[in-house]
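Please keep the sequence and the structure in view while reading the numbered points.

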Amino acid sequence: MLHLSKKLNEKGITLVELLAVVILTAIVSILLFSITSKALENNRIISQEAILRDEADIIVSKFIKSLYSTKQETIIRNITTGDNSYLEITNDLSKCRRDEDGRFLDLSGNPLNNDNLCKPTLKPIGFKTENGITKIHILDEQYTLSYNNIKVSPTSKVYGNPDDSSVYEIELNLEITQIRGNNKTSKAMKFKNEIQPIINSK
């Protein structure tokens, strides 16, 4: 009987060995959790960037298509005030025309202002912000974003003055927000593109 008990004790594990196994298991679990969390975070960032790039590609292509086919002489001015930044394009040069000094005049020869005959002919290309929401305007179209969790930042701008430049830069700032459980994550990206309209034919 004593001999059998001795053999059982020899096959068992000590408290120290048990603690060592528990500690090693905990360390391995923590490492695996950390690696998995990091991988999931990287996948989330890559996914968000891919969505933003896809959305930006569509938006920029619309800007390129509209501005590239626009004649430089029909671009009246660049409006950049507060969170608004857009070009005004006329569809009637008989009511919005440029004099020899580069100033725009209405049909009566008066300087361009918001109350003359030119205003109804103007269409925007760029960004307008109302009630804290920035929207993209491309002539008669107001672009609707493909994803509800993406928003256009009011810092988006259109650079270039038609009086002294024939190249315009579109700076598009997009931000995506995703909610998973109780966690809210955001990612913002900036996209820039230079576009040259059709140069006036003399």
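1. Helices and strands are here DSSP runs, numbered from the N terminus: a helix is a run of H or I with at least four residues, and a strand is a run of E with at least two. The model is predicted, so local features need a pLDDT of at least 70, side-chain atom pairs count only at pLDDT 80 or more, and totals for chains, interfaces and linings use all residues. Residues are numbered from 1 along each chain as its sequence is written, and side-chain values use heavy atoms, with hydrogens and water left out.

2. Overall composition. The chain contains two helices and 11 strands. Read from the N terminus, the order of its elements is α-α-β-β-β-β-β-β-β-β-β-β-β. A residue is called buried under 20% relative accessible area, exposed over 50%, and partly exposed in between, with a 1.4 Å probe and protein chains only. Of the 202 residues, 32% count as buried.

3. Two loop residues. Which loop holds Asn131? Asn131 lies between strand 5 (122-130) and strand 6 (133-138). Its phi is near 55°, a positive value in a residue other than glycine. Most residues other than glycine have a negative phi. Leu139 likewise has a phi near 55°, and Leu139 is placed in the loop between strand 6 and strand 7 (141-143). Asn131 has a relative accessible area of 81% and is therefore exposed, whereas Leu139, at 31%, is partly exposed.

4. The largest pocket. A pocket is defined on a 1 Å grid over the protein atoms alone, as an open set of points where a 1.4 Å probe fits, with protein on both sides within 12 Å along at least five of seven lines; lining residues have an atom within 4 Å of a point. Grid points are joined across faces, edges and corners, and the volume is the space filled by probe spheres set on the points. The largest pocket has a volume of about 160 Å³. Its lining consists of Ser37, Leu40, Glu41, Arg44, Gln178, Arg180, Asn183 and Thr185. Helix 2 (15-68), strand 10 (168-180) and strand 11 (183-195) are the elements that give two or more residues to this lining, and helix 2 gives the most, with four.

5. Ala, Val, Leu, Ile, Met, Phe, Trp, Tyr, Cys and Pro count as nonpolar, Asp, Glu, Lys and Arg as charged, and the others, Gly among them, as polar. By these classes the lining of the largest pocket has one nonpolar, four polar and three charged residues.

6. Salt bridges. A salt bridge requires a side-chain nitrogen of Lys or Arg within 4 Å of a carboxyl oxygen of Asp or Glu. How many salt bridges does this rule give? The count is six. One of them joins Glu88 and Arg77, whose closest N and O atoms are 2.6 Å apart. Glu88 belongs to strand 2 (residues 84-90) and Arg77 to strand 1 (residues 75-81), 11 residues apart. Both Glu88 and Arg77 are buried.

7. A link between helix 2 and strand 11. Glu49 forms a salt bridge with Lys187, with 3.4 Å between the closest N and O atoms. Glu49 is in helix 2 and Lys187 in strand 11, and the two are 138 residues apart. Glu49 counts as partly exposed at 24% relative accessibility, and Lys187 is also partly exposed, at 23%. The C-alpha atoms of Lys187 and Arg44 are separated by 9.9 Å, although these residues are 143 apart along the chain.

8. Lys190 and Glu171 meet through their side chains in a salt bridge of 3.9 Å, N to O. Lys190 lies in strand 11 and Glu171 in strand 10, so this pair ties together parts 19 residues apart in sequence. Glu171, Lys190 and Lys192 are linked in a network of salt bridges.
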